[in-house]
Amino acid sequence: MNVNSNVAKVASLVSEPSRAAILTVLLDGRYHTVNELAQMARIKPQTASFHLKKMLDAQVVTAEKQGRHRYYGILNQEVAQVMESFLSIAPPVEVKSFHHASEDKAIRLARTCYDHLAGNLGVQLTESLKSKGYITEENDTFSVTEDGKAFFHSMQIDLTSLKNKRRSFSHKCLDWSERRHHLAGALGNAILEKLLERNWIQRIPKTRAIKITTHGMKGLKETFAIELDR
């Protein structure tokens, strides 16, 4: 039996609390400086730099240099999916303050999972696409139906170009807060970008949480029959 010992190396990387905190922050799908990551992970910048070097060497994160700063992000969707899976089996974090409770509520309602929607909104949107017959569920992916092709065309989402990308088209991603699957991959990313473009949702600085606008509440109800309690 051949055993890949590199699995243990990756597991050891994410088992360290500071590195796990940094990777969880990076699940927002954005690039951040060392200082930003240190602040959000509640560690010193020197500590963040040390851990980022290890994760760069292990090809878990990537970095881009602009001017005097380096910006770090998760390497790819596969790393993000592993982190989301870990979160789904991790014990819930103890809520110790009103501010923490508000943050937790916002994250659970709607957030980014790397480059697609997650949380209650992500799961409800996926369930809506299924119930309307736009997508069907396979073993570990979703498939777009003929009705779905027409729907996504009406949303100005080009399925052909998405399928030509060198990545998963529409795989399942286990949502850690809802304990159900949401839509990920290129199609999931396209939906996120379209909702941002329409100003139905907005990114919030320094968090993965997504704000649903008043315009978005109306659009989500009319298009997907989704009603959310903000």
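Among contacts in the protein chain between residues at least 6 apart in sequence, 57% join residues at least 24 apart. Keep in mind as you explore that this is a predicted model. The chain's secondary structure comes to eleven helices and ten strands, and buried residues make up 43% of its 230 residues.

**Helix 2**

- Let's begin with helix 2, which spans residues 17-25.
- Its buried residues are Ser18, Arg19, Ala20, Ile22, Leu23 and Val25.
- At the start of this helix, glutamate 16 brings a side-chain oxygen to within 2.7 Å of the backbone nitrogen of serine 18.

**A hairpin to look for**

- Strand 1 (residues 61-66) and strand 2 (residues 69-74) run antiparallel and are joined by six bridges.
- Together the two strands form a hairpin, with two residues between them.
- Glycine 67 sits in the turn and has a positive phi of about 65°.
- To see how the strands line up, find threonine 62, which stands opposite glycine 73 in strand 2.

**Threonine 126**

- You will find threonine 126 in helix 7, which covers residues 119-131.
- Is this residue buried or exposed? Threonine 126 has a relative accessibility of 1%, so it counts as buried, the cut-off for buried being under 20%.
- The side chain of threonine 126 reaches the backbone nitrogen of leucine 183 at 2.9 Å.
- Setting aside residues up to four places away in sequence, threonine 126 touches Ile135, Phe142, His181, His182 and Leu183.

**The nonpolar cores**

- Which members of the largest nonpolar core touch the most other members? Among its 32 residues, they are Leu129, Phe152 and Leu187.
- At least two residues of this core come from each of helix 7, strand 6 (142-144), helix 8 (146-154), helix 9 (159-163), helix 10 (185-197), strand 10 (210-212) and helix 11 (214-224).
- Helix 10 gives the largest share of this core, with six residues.
- Leucine 129 is in contact with Tyr134, Ile135, Phe151, Phe152, Leu183, Ile191 and Phe224, leaving aside its neighbours within four places in sequence.
- Another core, of 24 residues, lies apart from the largest one, and its members include Leu26, Val34, Ala38 and Ala80.

How values were computed. Residues are numbered from 1 along each chain as its sequence is written. This is a predicted model: local features need pLDDT of at least 70, side-chain atom pairs count only at pLDDT 80 or more; totals for chains, interfaces and linings use all residues. Side-chain values use heavy atoms; hydrogens and water are left out. Buried means under 20% relative accessible area, exposed over 50%, partly exposed in between (1.4 Å probe, protein chains only). Helices (H or I, at least four residues) and strands (E, at least two) are DSSP runs, numbered from the N terminus. A polar contact is a pair of N or O atoms within 3.5 Å; within protein, one must be able to donate a hydrogen and the other to accept it, and residues adjacent in sequence count only if both atoms are side-chain atoms. Two strands pair if DSSP finds at least two bridges between them. Contact means heavy atoms within 4.5 Å. A nonpolar core is a set of buried Ala, Val, Leu, Ile, Met, Phe, Trp, Tyr and Cys residues joined through side-chain atoms within 4.5 Å.
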